[in-house]
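I opened my notebook to see how two chains meet. Here is what I looked up, entry by entry.

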Amino acid sequence: MSLRTLPLLVINMGGEMLYILDQRLRAQNETDDKALRGFWSEEDRKRVLNDIVRTMFSKAFLEELMKPQDLYSHKALRCVLTRLAHTSIMRLNPASMDRLYDLMTMALKHQILLCPRPRDFLLISFNHIDAIREMVTDSPSLVNQINDAQRQIIEMYTPLSDGELQLMRQTLLALFQDFHIRVSIFLKEKIQNPDGRFVLSTSGPVPHGSEVPGLIRWFNSRGREVRRREFPSGGCYTSAVREGSFDISGDRVTRLGKNKYSATSAEDTRTSDTSKNTSKAKQESVGPNPLAKEELNLLAKLMGGMEVWSLAQADTGIRVNLFPTDEDDGGISVGTDEPSFGVINIQATKDHQANTELTRIAAEFTEQQDQPEGPSNKGDDLLAMMDDL
Amino acid sequence: MALHYSIGHLKGEFPFKMHLNVSSRSCNVSLFVCFRGNCGGLLSFICSEMAKMYHKEKSIQIKSSASALYNNLSVLRIAPRCLTYFTVVHANVVNMVSASWDGLNYSHRQLQSKEGNVATSSSLIMQAAWCVLPSRDLLVLTSQKGIQMYESDGSIMVYWHALETPETPTAQAVFARGIAAVREKYICVGVSSGSVLVFDVPSKGSNITLSEVLEEHTEAITDMASECSGSMECIADLVSADDSGLLCVWKSGGDFQLLNKIPGFDTSCSSLKLWKGTVIAGYGTGQIRLYEGVTGILHAEVNAHARWIYSLDIAPFTGLLLSAAEDSLVRVWHLTITPETNSVEIEHLYNECVTDTQICGAKFCDGDGYAFAVTGYDLSEIIRYTQA
């Protein structure tokens, strides 16, 4: 369908990935387990994020993405995102990458689905970009790189009509069709149902440019309103709020695309919480969603110092079922074979000798051998180019 | 359908005039509460409750979920065989179900998109719809690669038309979308470039030919509709819409004649109907507009939905109108059109909320509007409703 979707898809998915990795690496530093604390130092964390951001927003990479082309398949997309993650010193094994990909996918599916009007997807993308810019704010060259990229995106997408943007949205919805993976943070916040479907509200402000349903107006042949009548709209809608900014910076208004996982101060958490489920604000005044923190903290125990993970070990040792499987529950799950756990465990290893050039090359070589079956033809050029970066 | 009224009184202090609209999330009951009174006086209120006009029937399961595409449901009623056919598009496949009226027999068939010389393709299908002509019914599929036409049961493909694709991909997507059967022998299909292809269809056989290409739109065609009242007196036969909201009204013939161009307001018109000369258009803003086709005069504008409208349908014998949108709501309206006096009346009748679903297709199952069916993104069923 739309041939312009790929750049926004990669930036949004990449953004979600950075949110999770950032939270992971921070939490690791704050853990009570003295054995693990400080393995990923503040400097390491910044370096990982900077490396990934540098590649993601490089001119060559974006240029390749912006060529008119169909969307990549999930396999190819996962490959690209894995390569992105591995431009840093961090290594994720396939099982971790799978889980990370699932989480990114569901987060993005939620954002696209709930997007009030197709143009707001640009605002969601800008929320991601704004957050990424914050993460690398210490590095002016990276900030410039991001700003340049954002200018390109503004230039490419803001002139599109609503119909073309809806086509893009439909293309993305086609990519995420039939994904019903349950994510504990979404279930907890009541934005996802137990069957994996997202909750769609029938209340709130209407999208910018729309009118609150409930009115019929009649006009005469000269275009003057002659009569009006109301009807019961069955929902609880209010007028549209102000439009978000489509500039390099500005208030985007929408909360979709902002960082759900940020380990922030109590005050920050409160503001982000009040717009969501109020019961969540009641249970926790300090720190982010405790469940999310817990499952992500589990990763901290595994992230440092573990260089070799076998898949079998990883599966039995790490997976924690925080929610009972729904298969016994009389058919709630709808046509999906996905298991119902909502835990994302990221096993990552740190390359101790990352500083030497030789070992870096050796690591690349080993990694290629471990890679699963190659990506589809689409994206091969992109991956080849990423190798050169 | 029944309206129940209760009248009550409350004593207290109230503002002079306050209108309160309260609705339950299930959307089957609506209250209009109107407060009138002066400070310290007596409050009278009238409460009206809408009884359920339709009730939900057993859903039909389909082999794969519906894709988020405009007008993603087509229904064909075959009275002599007591069957109804339904089609729902999923990516590169069309799910076709034939349902017997007694509800006992369901049979499924899947049709795939085609490409070049290859019988099956991964190219995405944009729309599937039945075209009812006096002599035959054809099932038309439009995809990124071209247009496929089948016998009405989907058994044999009788025609394939490949879309012209540029040699080097441009940023503009290429696809066909918007299907309408016009008068006795035309099938019209829209293209992403804005062209409307007019196919001449013989009463039998596969000798279908492209007779004309109409070039008025410059944006991608979204939907097309032909006059469905059955009246031969209507001048306008076909209306086409595009992403800019522009509506073109046509008269069919050896050469199609453009009767009128109704400009859009830069909001995409995603679904169209044409009944008794009146164009009924659904927009991305959630509004429905009723235009007089030939003159372009706007009769009425309805703030119908809170999200993008995905489907409109009309029951030609009764004037019932169905609208469905991404806001999870299906609404039923009643249209009364008197061409002689140039009057158009629209009245809201009923709401149905399909919880947590972005609806992508809604169609009446019969010409009276006695039953209707609904599809939603990611849903693997066709939900049906019948009048209570």
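**Entry 1: a charged pair between chains**

I started with B:Asp378 and A:Lys109, and both are buried (under 20% relative accessible area with a 1.4 Å probe, protein chains only; exposed is over 50%, and partly exposed is in between). They form a salt bridge, with the closest N and O atoms 2.5 Å apart (a side-chain nitrogen of Lys or Arg within 4 Å of a carboxyl oxygen of Asp or Glu). B:Asp378 sits in the loop between strand E32 (371-376) and strand E33 (381-387) of chain B, while A:Lys109 is in helix H5 (residues 94-114) of chain A, so the pair joins two chains. I noted that helices (H or I, at least four residues) and strands (E, at least two) are DSSP runs, numbered from the N terminus.

**Entry 2: ground rules**

I reminded myself that this is a predicted model, where local features need pLDDT of at least 70, side-chain atom pairs count only at pLDDT 80 or more, and totals for chains, interfaces and linings use all residues. Residues are numbered from 1 along each chain as its sequence is written, chains are lettered from A and ligands numbered from 1 in the order in which they are written, and side-chain values use heavy atoms, with hydrogens and water left out.

**Entry 3: the interface**

How many residues does each chain bring to the contact? I found 64 from chain B and 55 from chain A, where contact means heavy atoms within 4.5 Å. The area buried between the two chains is about 4,800 Å², and carbon and sulfur atoms give 50% of that (buried area is the accessible area, 1.4 Å probe, that two parts lose on being put together, summed over both). In chain B, B:Asn303, B:Asp356 and B:Tyr377 lose the most area to chain A, together 13% of what that side buries.

I then looked up the charged pairs, and the rule finds 4 salt bridges across this interface. Another entry for my list is A:Arg227 with B:Glu345, whose closest N and O atoms are 2.9 Å apart. I also wrote down a network of salt bridges that links A:Arg217, A:Glu225, A:Arg228, B:Arg289 and B:Glu301.

**Entry 4**

Which strand of chain A pairs with E26(B)? Strand E3 (residues 215-219) of chain A does, in the antiparallel sense over 4 bridges; strands pair if DSSP finds at least two bridges between them. I saw A:Trp218 opposite B:Ala300, and A:Leu215 opposite B:Asn303. Within chain B, strand E25 (residues 287-292) runs antiparallel to E26(B), joined by 5 bridges. B:Gln287 has B:Asn303 as its bridge partner there. E25(B) and E26(B) form a hairpin with 5 residues between them, and B:Gly296 in the turn has a positive phi of about 80°.

Why is E26(B) described as largely enclosed by the rest of the structure? It is because 5 of its 6 residues are buried.

**Entry 5: one threonine**

Is B:Thr357 buried or exposed? B:Thr357 counts as buried, at 6% relative accessibility. This residue lies in the loop between E30 and strand E31 (359-364) of chain B. A polar atom of the side chain of B:Thr357 lies 3.0 Å from the backbone oxygen of B:Thr355. Leaving aside neighbours within four places in sequence, B:Thr357 is in contact with residues including A:Leu200, B:Glu326 and B:Tyr377.

Technical notes: A polar contact is a pair of N or O atoms within 3.5 Å; within protein, one must be able to donate a hydrogen and the other to accept it, and residues adjacent in sequence count only if both atoms are side-chain atoms.
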